[in-house]
Amino acid sequence: MSQMDLSSTFTLGGRTVKRLGYGAMQLAGPGVFGPPRDHGAALAVLREAIASGVNHIDTSDYYGPYVTNRLIREALAPYPRELVIVTKIGARRGEDGAWLPAFSPQELTQAVHDNLRNLGLEALDVVNLRLMFSAHGPAEGSIEAPLTVLAGLQQKGLVRHIGLSNVTPTQVAEARRIAPIVCVQNHYNLVHRADDALIDALARDGIAYVPFFPLGGFSPLQSSTLSGVAARLGATPMQVALAWLLRRSPNILLIPGTSSVAHLRENLAAAGCTLPEDALQELETVAGT
């Protein structure tokens, strides 16, 4: 399979996207705060992603804050017709770079308008409501109030589709009673498999699942088994980890991030990495280790 195929497609908010996309978070400065170390390199990464066939970019106005969306606009506007930009709201950054909840109706509404302005759009393709009931991952709590605000902005035409981020299966069910949900974005990778059942349930209903930290995030995946499989296949461990996710379920959309063109190309090459059955069985032993 060629890189331009980017390992088949899936429907996201009524649009067809390649399953291997790009996450813009790492384009901001250290700690996802402040401007990039190299402005020109950041623009080059975005343009290379599009040139390579990527048509799904994940971002947020609280990356920087306001940094990645402005870079996306500078690099890519006027946007290719087939490009789907997914953003998220529900958080803000403190002056010290802290990640803080921003759940009030005023904050949510302002966040949508900030994303529109900084991306230079009249409507946002998909907006994920990011929940922050706990600093350690998904935690139970009703999402009716903030989701109702987002649904109201959708009815006004400012948001085309709604997704969820950092949520439990119970919250997904609650949300779907309030508004149509097109994607769920949670922490998931070869090792962190807590959402296995949720992924399968969403797949049955045609809802995309977008794992963040597909390569481990701030603590990259490290496994002798993963490294061994990669060496045998002539691939990098990260390429194998991404290829495993593409194989895991057809509704999984990947958004690995990087601030390097070379690393971007390496990630996108995972679309052409075929995992034989013996490798898949071996990789299954990594889960939870």
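Predicted model: local features only at pLDDT ≥ 70, side-chain atom pairs only at ≥ 80, totals over all residues.
Local features were taken only at pLDDT of at least 70 and side-chain atom pairs only at pLDDT 80 or more, while totals for chains, interfaces and linings use all residues. Residues are numbered from 1 along each chain as its sequence is written, and side-chain values use heavy atoms, with hydrogens and water left out.

Helices are DSSP runs of H or I of at least four residues, and strands are runs of E of at least two, numbered from the N terminus. Buried residues (under 20% relative accessible area, 1.4 Å probe, protein chains only) of α3 include Leu108, Val112, Asp114 and Leu119. Their cover includes α2 (67-76), β5 (84-89) and α4 (144-155). Glycine 120, with a positive phi near 75°, follows α3.

A nonpolar core is a set of buried Ala, Val, Leu, Ile, Met, Phe, Trp, Tyr and Cys residues joined through side-chain atoms within 4.5 Å. The largest has 83 residues, of which Tyr22, Leu46, Ile72, Val112, Leu164 and Val240 touch the most other members. Helix α8 (residues 237-248) gives the most to this core, namely eight residues. Another core, apart from this one, has 12 residues, including Leu12 and Cys183.

Cysteine 183 counts as buried because its relative accessibility is 2%, and cysteine 273 counts as buried at 18%. With a disulfide defined as a pair of cysteine sulfur atoms within 2.5 Å, the count is zero.

Key
Buried < 20%, exposed > 50% of the residue type's maximum accessible area, 1.4 Å probe, protein only. Contact = heavy atoms within 4.5 Å.
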